[in-house]
Amino acid sequence: MSAAPTPTDPAPPADAEDAIAFADLGLRTELLGALAALGYEEPTPIQREAIPPLLAGQDLLGQAATGTGKTAAFALPLLQRMPTDRSGGDPVSLVLVPTRELAVQVSEAFHRYGKDLGARVLPIYGGQPIGRQLRALDHGVDVVVATPGRALDHIARGTLRLGSVATVVLDEADEMLDMGFAEDIEAILEHAPEGRQTVLFSATMPARIDGLARQHLTDPVRIRIEREQPVAGAAPRVRQSAYLVARAHKPAALGRVLDVESPTAAIVFCRSREEVDRLTETMNGRGYRAEALHGGMSQEQRDRVMGRLRAGTADLLVATDVAARGLDVEQLTHVVNYDVPSAPESYVHRIGRVGRAGREGVAITLAEPREHRMLKTIERVTGQRISVDKIPTVADLRTRRFELTQAAVRESLLEDDLEPFRAVVESLTDEFDLMEVALAAVRLAHEATLPGTADEEEIPQVAVRPNREARPGYDSRDRRGGTRSRGAGTAQVFIGLGRRAGVRPQDLVGAITGETRVNGRDIGSIEIADRFSLVEVPQAMADEVIRGLRGSTIKGRKATVRRDRDGDDRR
Ligand code: AMP
């Protein structure tokens, strides 16, 4: 070993002042175990501020939007305060939420965090058969997560009794008021015991929320995670944009964005270790050279990963905030937030990984529609605009690839010594038109430079808050509930050989056109991953292609060949 010493990347925790762990907040071991299993590395700002007072039984008024980690901020203390020796009985916690979707989501969060405590959690909302809810309530529950209307129904029937409730949470209170639940909330609170703890979270604080808080909260701790003042020095030279995308389409969206942007090297931020590992695997499966970096890795492992990134043998780093602290990699051109960060400060830290030393950088955020508000908060805090763009379509991607090919050919025309190829062209022009020869050559160049993955699914556009609005932006195919997203009349064929077997697009095209009546022109996108390939062919010819390939070899090897599942299940 010689070479100049490479800077060692600091092991977490790098920042003493930031190093507040969940354990420091006074949470019990069962909860800490659940959080570790979920791969949460450290509390978000709202969790740091809200958990201690909530554990102490104080009322709380929190201004926080979705995406800040507010659910865990109230769920963890509620679970901890739950009496341990409960068997039957009425709920001790009641969480009111505006929508059925949120009711399900919040109760799932309670389940995840409260697994080892044996917490019994029940979502109740309109639209679900009341019988099932009655039976569950009858068996006894610890936490009820309800929409106000249905909660009131059950209270009126005497099936939901609030006499034992120690804590009431009003989550997304502004939304509940907007939806006309004010009176229902008042009526529900009347049924809850006087001395209970009351917690109110709201993304905005209009006067009506203030009124609600004044009336029902006692001496509340006030928490506001956004700041009015822009964070000083927060403005590196970074182009910032965001794409709204449904959770299910995020891996495809990430692939599309990377293909269109073609970064030299990119870092993709995730919220948890678990997500880092999963996404790294997905992206490797899609043909990117991705490496994971998170707080659970040893310094040696981290150094190896950073070495690969610096050497250019990896071009995608998938990391948690903790792991990426203090990281400085010259090659990085793009930061991608796979989720909207939980606080504006974290956004600023993340995008600070690029745009250093006068270099230009790009920051891209994949936001779920419900996280739209958090984007606005970040814009306000950083004082910079984040443009919300449409996910590039398959057509955009094709256009971009043609541009790249054109640029490559142009460069070759300007620089390369082309003489050695003259004889090839001349002998071809005996038989073909010069234009045709050029077209074929460009096509070969184009195919040879295709990125490893030609992720050619159309990704549905989503509108802000699709659960509540008329979904004007939804792709029409998506609205019909279908998962089919490829071009009309095409099928995708799976071939169990990929890059590791040395397979290139031209090998697949050759095998298909050689074995079947399918013409090269009929073959659509070709995606070559490490261990498999996917080829798009006309629906009507799919069976013939499958038969043909099964009967032949590719690169001298037999391969599994079958119709691929729909793109949506392939994650
Ligand atoms: P919420 O704002 O409650 O909707 O949470 C947003 C997302 O962040 C959810 O998917 C949580 O699972 C996740 N999350 C919450 N707290 C943490 C944390 N401390 N570390 C990592 N992920 C978290």
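**Ligand site**

The model is a predicted one, and in it 14 residues surround the ligand, with Y40, Q47, G67, G69 and T71 the closest. Sorted by class, this shell comprises 3 nonpolar, 7 polar and 4 charged residues.

| Residue | Protein atom | Distance to a ligand oxygen atom |
|---|---|---|
| K70 | backbone N or O atom | 3.3 Å |
| T71 | polar side-chain atom | 2.6 Å |
| R271 | side-chain N or O atom | 3.3 Å |

Taken on its own, the ligand has 500 Å² of accessible area, and the protein covers 85% of it.

**The parallel sheet**

An open sheet of 7 strands has the order β10-β11-β9-β12-β13-β8-β14, with parallel pairing. Its edges are formed by β10 (290-293) and β14 (387-389), each of which has a single partner strand, so one side of each is left without a neighbour in the sheet. From one strand to the next, the twist averages 25°.

Within this sheet, strand β9 (residues 265-269) runs parallel to strand β12 (residues 332-337) and is joined to it by 5 bridges, and A266 stands opposite H334 in β12. Helix α10 (residues 250-261) packs on the sheet, where it touches β8 (238-244), β9, β11 (316-319), β12 and β13 (361-367), and its direction makes about 160° with that of β13. Helix α14 (residues 344-351) also packs on the sheet, touching β8, β9, β12 and β13, with its direction at about 155° to that of β12.

**The antiparallel sheet**

A further open sheet consists of 4 strands in the order β16-β17-β15-β18, and here the pairing is antiparallel. Because β16 (526-528) and β18 (561-563) stand at the edges with a single partner strand each, one side of each is left without a neighbour in the sheet. Neighbouring strands are turned against each other by 25° on average, direction ignored.

Strand β15 (residues 490-495) pairs with strand β17 (residues 533-538) in the antiparallel sense over 6 bridges, and I495 stands opposite S533 in β17. Helix α20 (residues 505-515) lies across β15, β16 and β17, and runs at about 125° to β16.

Terms used: Residues are numbered from 1 along each chain as its sequence is written. This is a predicted model: local features need pLDDT of at least 70, side-chain atom pairs count only at pLDDT 80 or more; totals for chains, interfaces and linings use all residues. Side-chain values use heavy atoms; hydrogens and water are left out. A residue is near a molecule or strand if one of its heavy atoms lies within 4 Å of it. A polar contact is a pair of N or O atoms within 3.5 Å; within protein, one must be able to donate a hydrogen and the other to accept it, and residues adjacent in sequence count only if both atoms are side-chain atoms. Accessible areas come from the Shrake-Rupley method with a 1.4 Å probe; for residues, only the protein chains shown count as cover. Ala, Val, Leu, Ile, Met, Phe, Trp, Tyr, Cys and Pro count as nonpolar, Asp, Glu, Lys and Arg as charged, and the others, Gly among them, as polar. Two strands pair if DSSP finds at least two bridges between them. Helices (H or I, at least four residues) and strands (E, at least two) are DSSP runs, numbered from the N terminus. Axes are lines fitted to C-alpha atoms, for helices over the stretch in contact, and angles run from 0 to 180 degrees between N-to-C directions. Contact means heavy atoms within 4.5 Å.
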